[in-house]
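Keep the viewer open as you read.

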Amino acid sequence: MKSYEAIKNIDEDEDVEMGKQQISLQTHTQRLLSLDVFRGLTVALMILVDEAGGLLPALKHSPWNGLTLADFVMPFFLFIVGVSLALAYKKLPSRVVASRKAILRALKLLALGLFLQGGYFHRVGDLTFGVDLKQLRWMGILQRIAVAYLLTALCEIWLKADDTVKSGSSLVRKYRYQWSVALVLSGLYLCLLYGLYVPDWEYQVPTEPSSAPMTFSVKCGVRGDTGPACNAVGMIDRTILGIQHLHRRPIYARMPECSINSPDNGPLPPDAPAWCQAAFDPEGLLSSVMAIVTCLIGLHYGHIIIHFKDHRVRMLYWIIPASCLLVCGLSLDLFGMHINKVLFSFSYMCVTAGAAGILFVGTYLMVDVCGYSRLTMILQWMGKHALMIYILVGCNVFPVLIQGFYWGKPQNNLLKLIGVGS
């Protein structure tokens, strides 16, 4: 599965421009290079996962329950978007104007996601491009980040009290309404995941053009199931979005039940269950609720940057919630609430957000405290141009551009010359 992003328009560490006056973050505070380094490190991890994931199972997304290196990419991007939003909306001359600009930016990112991930650059090896609107994928990586960005930005714009921050407790009081939103979203997710009744369902798989599609029936009739077939996350997406608009290469196709080459893709076993070929979107509606919570946690880390200037105080206030999130997530996994990236389970959110917090502390210590910025110049550049890199590498635009130049027929392109593709 192709990984991930950060939009430059969103992740800029600047104050929002209001009217003719633009208040720059760099004018008032020293720029935190660790933000760019952290983002660049996540981009590098994305490239590593995309390009080398076929070589090492540890670099692939987990087929279902469990956690691999690839499963940290999306939460890390969401976390850093939240941190950047706290800095971008530090001063708000006009909440209405700020809200209008946040909505416009989210719509731009959503449209970009629909174009890049909705199906236009599909079947690159066959040199065929375009969008079948009947099968347009509504959700995706950029679409998820757009939703998380918008909700987090609106929380930051409208849900701040006027309390003066002098300690950790006063920080929580100032942003208590934002924490309430995070708690409500977490509760809503858990109630729907474990409380919704999932009935039996069926889907069709196309065969030869002249033959009728094959129909598969999946037996469910349960509540609270978190397996691939009968979870509420998939049911909500099938009901609201339509199964034809979901991701057609489900990650659970690499499970032992669905592939004789597991954990790689492969032919179906003779006794494969009926759900193995069903579409399932890893960036679906209900799972995106917990993505918003991850973004809100990053927003809290940004608030600490704004209100506390001492390095030790910052790192202390960062490391405590990060450690608590890690312990909570791992404990929940031991007691049966499994870490699951596809469902974006509560335990997965806790572990990945905690890991993001700890990595951010380490990056901040190395770059902004100890001053080892020259060693990370490449990562800084990658962090500042994350969206461009994602589009070129993560969305197949780079190979599309290369294949646009050929000799005689489209198959005789530069990729074939270097032994890549057909």
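Is Ile 145 buried or exposed? Ile 145 is buried, with a relative accessible area of 1%; "buried" here means under 20% relative accessible area, "exposed" over 50% and "partly exposed" in between, using a 1.4 Å probe and protein chains only.

Before going on, a word on ground rules. This is a predicted model, where local features need pLDDT of at least 70, side-chain atom pairs count only at pLDDT 80 or more, and totals for chains, interfaces and linings use all residues. Residues are numbered from 1 along each chain as its sequence is written, and side-chain values use heavy atoms, with hydrogens and water left out.

**The overall picture**

The protein's secondary structure comes to 16 helices and 8 strands. Both are DSSP runs numbered from the N terminus: helices are H or I with at least four residues, strands are E with at least two. Of the 422 residues in the protein, 51% are buried. Take the contacts (heavy atoms within 4.5 Å) with a separation of 6 or more: 72% of them join residues 24 or more positions apart.

**Around Ile 145**

Ile 145 sits in helix α6, residues 141–158. In sequence, Ile 145 and Ala 291 are 146 residues apart, but C-alpha to C-alpha they are 8.1 Å apart in space.

Helix α6 also packs with α4 (residues 73–88), at an angle of about 30 degrees and with the axes 10 Å apart. Axes are lines fitted to C-alpha atoms, for helices over the stretch in contact, and angles run from 0 to 180 degrees between N-to-C directions. The two helices, α4 and α6, are therefore roughly parallel; that label covers angles under 35 degrees, with over 145 being roughly antiparallel, 65 to 115 roughly perpendicular and the rest oblique. On the α4 side the contact is made by Met 74, Leu 78, Val 81, Leu 85 and Ala 86, while the α6 side includes Ile 141, Ile 145, Ala 148 and Thr 152.

The axes of α10 and α11 come within 9 Å and cross at roughly 160 degrees. That makes α10 roughly antiparallel to α11. Where they meet, α10 brings Ile 297, Tyr 301, Ile 304 and Ile 305, and α11 brings Arg 314, Tyr 317, Trp 318, Pro 321, Ala 322 and Leu 325.

Helix α10 has 21 of its 23 residues buried, so it is largely enclosed by the rest of the structure. In α11, the buried residues are Arg 314, Met 315, Trp 318, Ala 322, Leu 325 and Gly 329, and their cover includes α10 and α12. At the start of α11, a side-chain oxygen of Asp 310 reaches to within 3.1 Å of the backbone nitrogen of Arg 312. After α11 comes Gly 336, with a positive phi near 110 degrees.

Which residue has a positive phi although it is not a glycine? That is Phe 344, at about 50 degrees. Phe 344 lies in the loop between α11 (311–334) and α12 (346–369), and is buried, with a relative accessible area of 1%.

Another spot to look at is the peptide bond from Ser 262 to Pro 263, which is cis, with omega near 10 degrees. Pro 263 is in the loop between α9 (232–240) and α10 (285–307).

**Two more stops**

Ser 186 belongs to helix α8 and is buried, at 8% relative accessible area. Leaving aside neighbours within four places in sequence, Ser 186 is in contact with Met 290, Val 293 and Phe 346.

Leu 196 lies in the loop between α8 (176–195) and β3 (197–198). At 26% relative accessibility, Leu 196 counts as partly exposed. Beyond its neighbours within four places in sequence, the contacts of Leu 196 include Cys 191, Val 222, Ala 232 and Ile 236. Leu 196 and Asp 225 are 29 residues apart in sequence and 9.5 Å apart in space, C-alpha to C-alpha.

Conventions. A polar contact is a pair of N or O atoms within 3.5 Å; within protein, one must be able to donate a hydrogen and the other to accept it, and residues adjacent in sequence count only if both atoms are side-chain atoms.
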